[in-house]
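Okay, thanks for coming, everyone. I've got one structure to walk through today, so let me put it up on the screen.

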Amino acid sequence: MILITGATGTNGQEIVKQLAEQGVTVRAMVRNLAKGEPLKAFNVELVEGDFSNPASLDAALKGVDKALMLPPIAPNAVELQRNFIEAAKRAGTAYIVKFSAIGADPNSPMRLGRWHGDAEQLLADSGIAYCTLRPNGFMQNFFAFAPLIANQGLFAQPGGQSSISHIDVRDISEAIVQTLLNETVHAGKAYTLTGPESLSFDQVAANFSQVLGHTVQYIDQAPEEFKANMLAWGQPEWLADTFNEMFALYRTGWGAEVTEDFTTITGHAPRSFEQFIQDNRQAFMPEAAPAAV
Ligand SMILES: NC(=O)c1ccc[n+]([C@@H]2O[C@H](COP(=O)([O-])OP(=O)(O)OC[C@H]3O[C@@H](n4cnc5c(N)ncnc54)[C@H](OP(=O)(O)O)[C@@H]3O)[C@@H](O)[C@H]2O)c1
């Protein structure tokens, strides 16, 4: 049995869907069974579980030989993953695929990198076979700007002139599925997953303009303004600071790396940003104007 955690999230839903398309039945761990209900369309077994509740993890991991450990972004992310790894040891789980992030390192200058790096270390020390996937920023993050892009032709990020090799969640999920299903090939490996090209935010905006047929502009936002906006949207201060730390690193050129790891795993190239926009064009288009009288 394969256990998928984070199953209601952006990647988790896509991973469950792709596994179902391959005829693989999985158990999906969700915090709230009602929220997980739509996953039943993919013929999954739903189990209630929370990374902060070890007893629930014991129940979720019963009879599981492989698991995807997909942690949330949280200040206690290391503790949550420690709980999961300890429960997997108790359950006798043989293989774990860890969803990590580009730049994961216990000595990273940003907390996100340290949280993932420390958890990778715990997994390495656990004696359980594992594979680590470290994606760069998701193209799907831009859905957060869809109304702005559609109606005002702009999006704002504190990204300066940085270039980033964003990757499509559909591709990350394909790599996750491959590494889950083929542990003899992938156990012991760590992969950094990127898109096929590194684009500045101005280039991303130009891609949107070209595919949508209306001008889209990138606004280089000051970190303080970014933080103020996040707080105004009701997001916690630690999260705004976490993202600002990440963007500060991006502005040094840190996210521009393009790797071949996705192609090594899947045998084909990842999707371009342009392809992502084309496939999701409707989400970024202005609502139809009222008919002229
Ligand atoms: N965004 C990026 O560009 C990016 C880039 C690289 C790596 N990452 C990494 O991607 C991961 C997030 O992936 P995602 O965006 O696909 O997830 P997501 O959409 O943010 O969803 C988070 C998932 O985790 C579940 N969850 C939250 N707290 C939990 C807990 N205490 N116990 C069990 N499950 C819990 C959520 O369940 P509920 O539905 O119940 O809330 C949800 O299914 C993070 O580790 C992040 O560092 C992100």
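Let's start with cavities: the count comes to one cavity of 30 Å³ or more. By cavity I mean a set of points, on a 1 Å grid over the protein atoms alone, where a 1.4 Å probe fits but cannot get out. Grid points are joined across faces, edges and corners, and the volume is the space filled by probe spheres set on the points. The largest cavity comes out at about 40 Å³.

Before I go on, a word on the source: this is a predicted model, where local features need pLDDT of at least 70 and side-chain atom pairs count only at pLDDT 80 or more, while totals for chains, interfaces and linings use all residues. Residues are numbered from 1 along each chain as its sequence is written, and side-chain values use heavy atoms, with hydrogens and water left out.

So, which residues line the largest cavity? Among them are Met-139, Ile-164, His-166, Glu-197 and Phe-273, where lining means having an atom within 4 Å of a point. By class, that lining has five nonpolar, three polar and one charged residues.

Now the ligand. It is surrounded by 25 residues, the closest being Thr-8, Lys-35, Pro-71, His-116 and Asn-141; the cut-off there is a heavy atom within 4 Å. That shell splits into 12 nonpolar, 10 polar and three charged residues. For the classes, Asp, Glu, Lys and Arg are charged, Ala, Val, Leu, Ile, Met, Phe, Trp, Tyr, Cys and Pro are nonpolar, and the others, Gly among them, are polar.

Next, polar contacts, meaning N or O pairs within 3.5 Å. Arg-31 has a polar side-chain atom 2.8 Å from a ligand oxygen. For His-116, a side-chain N or O atom is 2.8 Å from an oxygen of the ligand, and Asn-141 places a polar side-chain atom 2.8 Å from a ligand oxygen. Taken alone the ligand exposes 930 Å², and the protein buries 81% of that (Shrake-Rupley, 1.4 Å probe). Which elements give two or more residues to the shell? Those are α1 (10-21) and α5 (111-125), as DSSP runs of H or I, at least four residues.

Last, two single residues. Cys-131 lies in strand β6, residues 129-135 (a strand is an E run of at least two). Cys-131 counts as buried because its relative accessible area is 0%, and buried means under 20%. Its C-alpha is 5.5 Å from that of Gly-188, 57 residues apart in sequence. Thr-259 sits in the loop between α11 (237-250) and α12 (261-266), and a polar atom of its side chain lies 2.5 Å from the backbone oxygen of Thr-192.

Terms used: A polar contact is a pair of N or O atoms within 3.5 Å; within protein, one must be able to donate a hydrogen and the other to accept it, and residues adjacent in sequence count only if both atoms are side-chain atoms. On a 1 Å grid over the protein atoms alone, a cavity is a set of points where a 1.4 Å probe fits but cannot get out, and a pocket is an open set with protein on both sides within 12 Å along at least five of seven lines; lining residues have an atom within 4 Å of a point. Buried means under 20% relative accessible area, exposed over 50%, partly exposed in between (1.4 Å probe, protein chains only).
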